Amino acid sequence: MVDPGQLIVRSLGESRIPSPLGSLLTRRGTTEHYVDEADRVLLDDTVAMLAARGDELPSFEPGGPRRRIYFDPSKIRAGIVTCGGLCPGLNDVIRGLVLTLNNQYGVSRILGFRNGYQGLTPGAGHSVVELTPAGVEYINEHGGTILGTSRGNQDPEEIVDCLEQLGVNLLFVVGGDGSMRGARLISETIAARDRRIAVVGVPKTIDNDIPYIGQSFGFQTAYAKAAESIRAAHVEAAAQPSGVGLVQLMGRHSGFIASYAALANNDADYVLIPEVPFSLDGFLPALRRRVADRGHALVVVAEGAGQEHLRDAPLRLDASGNRKLGDFGLHLRDRILDDFAAAAREVNLKYIDPSYAIRSVPANPYDSVYCLRLAQAAVHAAMAGRTELVVGMWRGRFVHVPIPLAVSGRNQVDPDGDLWLSVLEATGQPPDFTA
Ligand SMILES: Nc1ncnc2c1ncn2[C@@H]1O[C@H](COP(=O)(O)OP(=O)(O)OP(=O)(O)O)[C@@H](O)[C@H]1O
Ligand SMILES: O=P(O)(O)OC[C@H]1O[C@](O)(CO)[C@@H](O)[C@@H]1O
Ligand SMILES: [Mg+2]
């Protein structure tokens, strides 16, 4: 249960400077299409959920331009860093930040830090780049990030030293849950030194595993790309006797990509996700019966599913301390082949794992728009002196989410939620595979 106090955003101080966007805001007030800066966006959206709350209803600070700003645009310098795994739209966010800072606020001194937080630590020796509208004009046509990214364990004290030495007043962090944990430490270090540097996150991950922000940008492009592999596996499986198409998809410990990509085609017979454990002794015979009945079957497996079946997999961590997943897709492929062989049944199994192909593509138009609007919201928040927050779109409204709340847990598919109910309806698979 979220406490209303967890939704309060920290401010660097009073905003006294008239905003260059002020003239756009004179007549605006809260409607179903706009939230006034003095209003707040409710966390809950059903009568039952509101009734269950106490007197004070938890609510978010709205995103969007303010009538007055904290920073003087002519005197400040901004910095942008992209961290963690690649995600469609990273370059759209960088471009949106640079263009909004320049064109809306007249902030022309913008630095790009190379290769994630490494670019803010002296040991890595990465150069700092000047970002200009001309320099970012076409970057959104390409996947990846023009700044480069990294994982690892960088020292927030060294990062804040770098910000101070460069005279950076606004730091925009485009990253996932780990990057936001890093941004929280950076914000706390800045506060401990009593400095006035705004730290604003644009949450990024194809996994959609960050809570309270709505969907993460790039997620829709990633699952659309993943759906191409599912379509290919279905064509392969349907074209031969006893065909089985098996597709493994990224998503780390959340099954959103597998669920949405499977629903996009609505051809999958089974979707396996980390949030819904299953028995292989129950699943394998069910698959064999489905192939016998239908002639072929299509299985979509999230990379985080079935880890409990990889008992002898060694615990390996990546440079940021994230547990590296065992390759359950390959394990499942072999278990399916063994099961059909043991039953003396023919099977023509085609295995597809698009892996990084779903996250290294440019954003689709939906995500390009979303990235630009998130970048605009991030700049509005920073210029208004808000700090230690990420921007998100909660039930269609742009909001400011305090970083401690955004990293308070992992967003996962709710087995009792409507998304998983849709998957069960679409596939016809049983809610669990009892042996
Ligand atoms: N628990 C943590 N505390 C502080 N900083 C962290 C933490 N985890 C990661 N970081 C910092 O954030 C950076 C990126 O983290 P990580 O590699 O986990 O990717 P991410 O931001 O979670 O993105 P994605 O999940 O999309 O790959 C790391 O280089 C590190 O500096
Ligand atoms: O980029 P790496 O270190 O190979 O990590 C891959 C992981 O990164 C992500 O793409 C994003 O978190 C996950 O879906 C995937 O498991
Ligand atoms: Mg992460």
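## A tour by selection

Start with D45 and R395, which form a salt bridge whose closest N and O atoms are 3.6 Å apart. The model on screen is a predicted one. This pair links distant parts of the chain, 350 residues apart: D45 sits in the loop between β3 (41–42) and α2 (47–52), and R395 in the loop between β18 (389–394) and β19 (397–402). D45 is partly exposed at 46% relative accessibility, and R395 is partly exposed at 45%.

Next, select R252 and D207. Their salt bridge has its closest N and O atoms 3.8 Å apart. R252 is in the loop between β11 and α7 (256–265), while D207 is in the loop between β10 (198–203) and α6 (219–238), 45 residues away in the chain. Both R252 and D207 are buried. The whole structure has 23 salt bridges.

Move to helix α5 and pick R184 and E188. They form a salt bridge with the closest N and O atoms 3.3 Å apart. The two are four residues apart in helix α5, so about one helical turn separates them. R184 is partly exposed at 30% relative accessibility, and E188 is partly exposed at 37%.

Stay in this region for G178, which is also found in helix α5. G178 is partly exposed, with a relative accessible area of 42%. Then select G176, in the loop between β9 (170–175) and α5 (177–192). G176 is buried, with a relative accessible area of 7%. Beyond its neighbours within four places in sequence, G176 is in contact with C83, K204 and I210.

Finish with the open sheet of four strands, ordered β12-β13-β11-β16 with parallel pairing. Its edge strands are β12 (270–272) and β16 (348–352), each pairing on one side only. Neighbouring strands are turned by 15 degrees against each other on average, direction ignored. Show helix α8 (residues 280–294), which packs on the sheet and touches β11, β12 and β13. Then show helix α9 (residues 328–342), which packs on the sheet and touches β11, β12, β13 and β16.

Conventions. Residues are numbered from 1 along each chain as its sequence is written. Chains are lettered from A and ligands numbered from 1 in the order in which they are written. This is a predicted model: local features need pLDDT of at least 70, side-chain atom pairs count only at pLDDT 80 or more; totals for chains, interfaces and linings use all residues. Side-chain values use heavy atoms; hydrogens and water are left out. Two strands pair if DSSP finds at least two bridges between them. Axes are lines fitted to C-alpha atoms, for helices over the stretch in contact, and angles run from 0 to 180 degrees between N-to-C directions. Contact means heavy atoms within 4.5 Å. Buried means under 20% relative accessible area, exposed over 50%, partly exposed in between (1.4 Å probe, protein chains only). A salt bridge is a side-chain nitrogen of Lys or Arg within 4 Å of a carboxyl oxygen of Asp or Glu.
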